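Please keep the display open while I talk.

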Amino acid sequence: MDLSKKYPIPSREEEDVEQALGQLWAMLEQGEVQPDAIRAAVESSIRPGIIEELIQKGLARQGQSLELTPLGNSVGQSLARRHRLAERLLKDVLTVAEEQIDPNACRMEHILTADVEQAICIMLGHPKACPHGLTIPPGPCCQAALEKTGPIVLPLRAFKPGESGRVAYLSPQHRPALHRLLALGLVPGALIRVEQVFPAFVIAIGPALLALEESLAEHIFVRRKTRVAGLLQR
Amino acid sequence: MPDRQDSACDQDGKCLLRRSIILVGQPNVGKSALFNALTGRYVAVSNYPGTTVDFARGVGQAAGEAAEIVDSPGIGSLCALSDEEKVTQALVTGAPDVIVQVADAKNLGRHLALTLELSDLGTPLVLCLNMSDEALARGMSVDRQRLSQLLGIPVVETVAITREGIEELRNAIGQAKPGIKTDYPPEIARALSQLKTLLPEPRQGLAPLLLAGSDDAPGSGLDPEIHDAARTLRRRFVRPPARVMMESRQEQAARLAAEVLSQGPGHGSNPWLERIGIWTLRPWPGYLLACLALYGLYSFVGVFGAQIAVEFMEEWVFASYVNPAVTQAVRWLIPFPIAQELLVGPYGLFTMALTYAFALILPIVSTFFLALGLLEDSGYLPRLSVLLDRLFRLIGLNGKAVFPMILGLGCGTMAILTARILDTRKERLMVSFLLALAVPCSAQLGVILAMAAAASAWTAMVWLSVIIASLLATGALGSRLIPGSPAPFVLEIPPLRLPRPGNLGRKVWARLKWYLGEVVPLFVYATAILFVLDKLGWLEQVNRAMRPLVTGWLGLPEQSAQAFLLGFLRRDYGAAGFFQMQRQGLLSERQIAVAMVAITLFLPCVAQWLMTLKERGWKSALTIGGLVTAYALAVSSLLNAALLWLGWS
């Protein structure tokens, strides 16, 4: 394939290695420590012998436990970042059907160049978590200021009174508070309107009024109703 | 303010009735109003989330026979967070015969999510859409038949407060059925079915709760192995299963709601109320309105209740008519001097206990209960908590603490119970401490306001600044000393409603009845004890023993000792003692200021202290008791010294 010179469409081999590193990274991120369990999971989903291949290529090493080398780690982390960003893009902006998100993200993650990855991240407003609630590893662009880019998905805290939008996702650190918010109807997809922001945030969800403090408003991400978002939604 | 009493059930909670029915639902949907309508009993109904913090039992007709009906504190989801939600969780998982879910027809989607969660328990269920009048006013109508089909349970519409639809609900309880099971994602469904194989047949409905991992409360008496199994299963998930399950329920609920809800043009609720409702939340004019509300409260309770009404009752009714008449009657009927003295002497049951109770305190608590009822029923309190959230966060609490603190101005004992609506142990502890230290109850506050009104404006200012400074300083210090941070503030704001005179009247009457039933006897006992102490000559000794403290440190007259003694039995009784001394001209301005500060800061009454002990444990209660005594003594003595130094006589 000649095209692979212009576009970084990886070979099957390369994709497998990337995929394995991504999966390994995610399992280690989730705190899985049993080397046998990791090996079994990765090999069954990709192909037998892939772990040995990673070790030979200097991307992973098997000591007391199975771990990634610095190079393997950066490839794996970057893949996880691209996968989760792709998921967000598919879900929040393209509103792709739920069952289509994962298969698409699994292909997209391999073909996103660094430039495209950054562009998506900026447009989404540097999201912190994927639709499943897993952390998106921050990229260099995330350190840059948000204000200039005019992101589509914003933390509720950035909203002004009178603005409205649809809840995209919630990522509060305080888990009980998250449950309470969900039970009060602040769920992904809910249409909300900001009534006031001081002394506490007051938002209207349908006929109900909900007051919450600023610190929580930082962790609620809302897709702002703008013309662009409206067009994209259609 | 006792809002519950048990009936038809013995002390172990065993009931003679065949069927037990639990009213469950999110906060502020009208469970208590429905309970009152079903049982004919009265528990407090207000327009703010968290009015009910403990369950109440009653008997009512349901499905053609008498049944036990239980009112429960509001709950967002069965994964309990705060103490009052745990009460409900325990009730619901304790195998009742029927669960009646009370929902607000206005916000159907999120209530249906709870319906699905309750359905999973497998207990026969009825869905009751309450406040259907408000939904109708907004043009919302629910296709009940369709909803009933989809959920597989009876669905009724009610307006509890006007008793609309109550008969239909009574009948529907007979047709209660276990509802449909939530459609969970395959991996959750698999985990649930694995858990179910471990659970005994009647308790299989607990599987979702166990998987969600609310480790502590549900499934008490279950094999510990089951909890281990649930923990192992939980670990297999990348995302917390509690959240995955909640999302599937929310999604299905939203679909259900979309299918049965139709929105027509509403004739709208009262547009003025809505506008005022928004104003009260905004900094401008919200803070101004809050000041006006507090000023209104002060004028009504402090001026009208504590001065005009008290003067009328004491100087006119009691001093001119009741006491002379009673004294004469007693002298004439009972020839024994000692009995005469017990009834009408200086420590007489009539001349002291009943005069204090009816002439001094009753007018004050009546006006306060009325004002508090207005605040509660209008839905103003949640708005106040939004305005004050930031202030409360300075002292390690959040806006929700407004509820126990304002109720504490009514009755500290009840307020300690209300502290259950706070999310963390730290907040509950802080509120219990501040209530004991610096929040005077209505009766006490009324007497103190009356003292302040009779003293100079300076004295009142001194009192107010010392109390507010104490609240802020001890709060800020305590919030640093007690580990943990307050839970983030989240609160649903109910619509502003015009209080219904009927509900308001019943509530004030229920609270007054409690006052008359529980407080007046305490006054009588306390006076009797005082009388005996006086006759035995021990009162003299107590006064003498406390003299260095009272006259030396605090610079108060010797007989103040007994006001402090009485204050511990009933804080208003103690304050009334000082008030009496002031009116007899026994106190100087400095002594009035010191007395007002001391009686506010000193230990709360026995009842509040016992409630603290029950709710917070003896360790916390003893610590609070010790700290409050030490602080009150230190600050009052310092104030005395400072005022002397400033040249107050």
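Arg144(B) is partly exposed at 26% relative accessibility, where partly exposed lies between buried, under 20% relative accessible area, and exposed, over 50%, with a 1.4 Å probe and protein chains only. This is a predicted model, in which local features need pLDDT of at least 70 and side-chain atom pairs count only at pLDDT 80 or more, while totals for chains, interfaces and linings use all residues. Residues are numbered from 1 along each chain as its sequence is written, chains are lettered from A and ligands numbered from 1 in the order in which they are written, and side-chain values use heavy atoms, with hydrogens and water left out.

Which residue forms a salt bridge with Arg144(B)? The partner is Glu168(B), with the closest N and O atoms 2.9 Å apart; a salt bridge here is a side-chain nitrogen of Lys or Arg within 4 Å of a carboxyl oxygen of Asp or Glu. This pair links distant parts of the chain, since Arg144(B) sits in helix H5 (residues 144-151) and Glu168(B) in helix H6 (residues 166-174), 24 residues apart. Helices are DSSP runs of H or I with at least four residues, strands are E runs of at least two, and both are numbered from the N terminus. Glu168(B) is itself partly exposed, with a relative accessible area of 37%.

In chain A, salt bridges that share partners join Arg12(A), Glu13(A), Asp16(A), Arg47(A), Glu53(A) and Lys57(A) into one network. Within that group, Lys57(A) pairs with Glu53(A) at 3.8 Å between the closest N and O atoms, and Lys57(A) is partly exposed at 49%. Another salt bridge joins Glu195(A) to Arg193(A) at 3.3 Å; here Glu195(A) is buried at 13% relative accessibility, whereas Arg193(A) is partly exposed at 38%. Over all chains, the count comes to 46 salt bridges.

Let me turn to the helices. In helix H2 (residues 83-93) of chain B, 8 of the 11 residues are buried, so this helix is largely enclosed by the rest of the structure. The buried residues include Glu84(B), Glu85(B) and Gln89(B), along with Val87(B) and Leu91(B). After H2(B) comes Ala95(B), whose phi is positive, near 55 degrees.

Finally, Gly626(B) lies in helix H27 of chain B and is partly exposed at 39% relative accessibility. Gly626(B) and Leu603(B) are 23 residues apart in sequence and 9.0 Å apart in space, C-alpha to C-alpha.
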